[in-house]
Amino acid sequence: DEFHPPDDDVEEDELNIGPGYVKDEGDLASAMSAGMDFVFAGQTVEYWSWEDTLDYAFESVVQTAFKGEEHTSEPCTFREAMQRPEGERQQWLKAAQDEIQSLVENGTFELVECPPGRKAIGSRWVFKVKHNADGSIERYKGRLV
């Protein structure tokens, strides 16, 4: 008996082994080997050299770093965001306004006077630049936390 490739009506992970083919562990190993040979026949894998891999990685980093002319870092404070160049400053301002609008629309907080003898809890801004898969800027995002 010999190995036969799977039929179309056989489940993908089942091997079509003729009756009586597998008699002992040695035959089982032969059947598995024949199956692996069938699955991987004609497939070759080309590995990059170490130098090619480093070149590719370096190119990717450089392309991402110089994708745009905007700052590559996010501001740490609202004041810092407002000190950025005009175009970027407007993007951060819109992100902050969108966040405040979202908080108001969702009823997340209510603006009230602090009771006497109490301290208000603090908050701070977290700014992030969201990127598309190709590294281009999708949007500027502001969160009040």
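Mentor: What follows takes the labels in turn and sets each value against its cut-off. Keep in mind throughout that this is a predicted model.

Trainee: How is the protein chain built up from helices and strands, and in what order do they come?

Mentor: The protein chain has four helices and four strands, and along the sequence they run in the pattern β-β-α-α-α-α-β-β. Of the 145 residues in the protein chain, 13% are buried, and of the contacts between residues at least 6 apart in sequence, 35% join residues at least 24 apart.

Trainee: What makes Glu99 count as buried or exposed?

Mentor: Glu99 has a relative accessibility of 6%, and since buried means under 20%, Glu99 is therefore called buried. Glu99 is placed in helix H4, and, with residues up to four places away in sequence not counted, Glu99 touches Trp125, Gly142, Arg143 and Leu144.

Trainee: Why are Cys76 and Cys114 given the labels they have?

Mentor: Cys76 has a relative accessible area of 55%, and because exposed means over 50%, Cys76 is called exposed. Cys114, at 40%, falls between the 20% and 50% limits, so Cys114 is called partly exposed. Cys114 sits in the loop between H4 and S3, where, apart from neighbours within four places in sequence, Cys114 is in contact with Lys119 and Ala120.

Trainee: How many disulfides does the structure hold?

Mentor: The structure holds zero disulfides; the label requires a pair of cysteine sulfur atoms within 2.5 Å.

Trainee: Which residues make up the largest nonpolar core, and what makes such a set a core?

Mentor: A nonpolar core needs buried residues of the listed nonpolar kinds, joined through side-chain atoms within 4.5 Å. The largest nonpolar core is made up of eight residues, namely Ala81, Trp92, Ala95, Ala96, Trp125, Phe127, Val129 and Tyr140. Helix H4 (86-105) and strand S3 (125-131) each supply at least two residues of this core. As for Ala81, its contacts, not counting residues up to four places away in sequence, are Pro75, Arg89, Trp92 and Phe127.

Trainee: What lines the largest pocket, and how does the lining divide by class?

Mentor: The largest pocket holds about 460 Å³ of space and is lined by 14 residues, among which Phe109, Glu110, Ala120, Ile121 and Ser123 lie nearest its centre. By class, the lining of the largest pocket has 10 nonpolar, three polar and one charged residues.

Key:
Residues are numbered from 1 along each chain as its sequence is written. This is a predicted model: local features need pLDDT of at least 70, side-chain atom pairs count only at pLDDT 80 or more; totals for chains, interfaces and linings use all residues. Side-chain values use heavy atoms; hydrogens and water are left out. Buried means under 20% relative accessible area, exposed over 50%, partly exposed in between (1.4 Å probe, protein chains only). On a 1 Å grid over the protein atoms alone, a cavity is a set of points where a 1.4 Å probe fits but cannot get out, and a pocket is an open set with protein on both sides within 12 Å along at least five of seven lines; lining residues have an atom within 4 Å of a point. Grid points are joined across faces, edges and corners, and a volume is the space filled by probe spheres set on the points. Ala, Val, Leu, Ile, Met, Phe, Trp, Tyr, Cys and Pro count as nonpolar, Asp, Glu, Lys and Arg as charged, and the others, Gly among them, as polar. Contact means heavy atoms within 4.5 Å.
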